[in-house]
Amino acid sequence: YMIEFSTDRNFKKVLYSIKPKENRLLLDHAAIRGKVFWRVKGLNAEQGLESSWSPPWSLSVVNIESDD
């Protein structure tokens with residue numbers, strides 16, 4: 001599968017695109033802050049097939065600072 005992240009619900013500018021090799025994803029990407037939209041689509045490399053993009057979902061990325 002492929003996952004894309006954007007600050008735009010219509011994904012006119014994609015911030016980050018990845019094809020994870022596992023069914024989990026940990027992002028360490030400093031450019032992503034605030035409200036972020038993400039979508040996913042299925043890929044089948046063996047048959048050269050791919051699904052349509054999912055509807056966009058959103059999440060909020062915040063910067064948490066410690067007092068250490």
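The model is predicted; local features were taken at pLDDT of at least 70, side-chain atom pairs count only at pLDDT 80 or more, and totals for chains, interfaces and linings use all residues. Residues are numbered from 1 along each chain as its sequence is written, and side-chain values use heavy atoms, with hydrogens and water left out.

The chain contains six strands and zero helices, and its elements follow the order β-β-β-β-β-β from the N terminus. Here helices (H or I, at least four residues) and strands (E, at least two) are DSSP runs, numbered from the N terminus. Of the 68 residues, 19% count as buried, where buried means under 20% relative accessible area, exposed over 50%, and partly exposed in between (1.4 Å probe, protein chains only). The accessible surface of the chain is about 5600 Å², and carbon and sulfur atoms contribute 48% of that area. These areas come from the Shrake-Rupley method with a 1.4 Å probe; for residues, only the protein chains shown count as cover. Among contacts in the chain with a separation of 6 or more, 40% are between residues 24 or more positions apart; a contact means heavy atoms within 4.5 Å.

Four strands form an open sheet with antiparallel pairing, in the order β2-β1-β3-β6. The edge strands are β2 (14-18) and β6, each of which pairs on one side only. From one strand to the next, the twist averages 25 degrees, with axes fitted as lines to C-alpha atoms, for helices over the stretch in contact, and angles running from 0 to 180 degrees between N-to-C directions. Two strands are taken to pair if DSSP finds at least two bridges between them. Strands of a sheet pair through backbone hydrogen bonds, either parallel or antiparallel.

Strand β3 (residues 34-41) runs antiparallel to β1 (residues 2-6), and five bridges join the two. In β3, W38 is the bridge partner of F5, and K41 is that of M2. Five bridges also join β3 to β6 (residues 57-61), again antiparallel; in this pair, G34 stands opposite V61.

K41 lies in strand β3. K41 is buried, because its relative accessible area is 11%. Leaving aside residues up to four places away in sequence, K41 touches Y1, M2, E50, S51, S52 and W53. The side chains of K41 and E50 are joined by a polar contact of 2.5 Å. A polar contact is a pair of N or O atoms within 3.5 Å; within protein, one must be able to donate a hydrogen and the other to accept it, and residues adjacent in sequence count only if both atoms are side-chain atoms.
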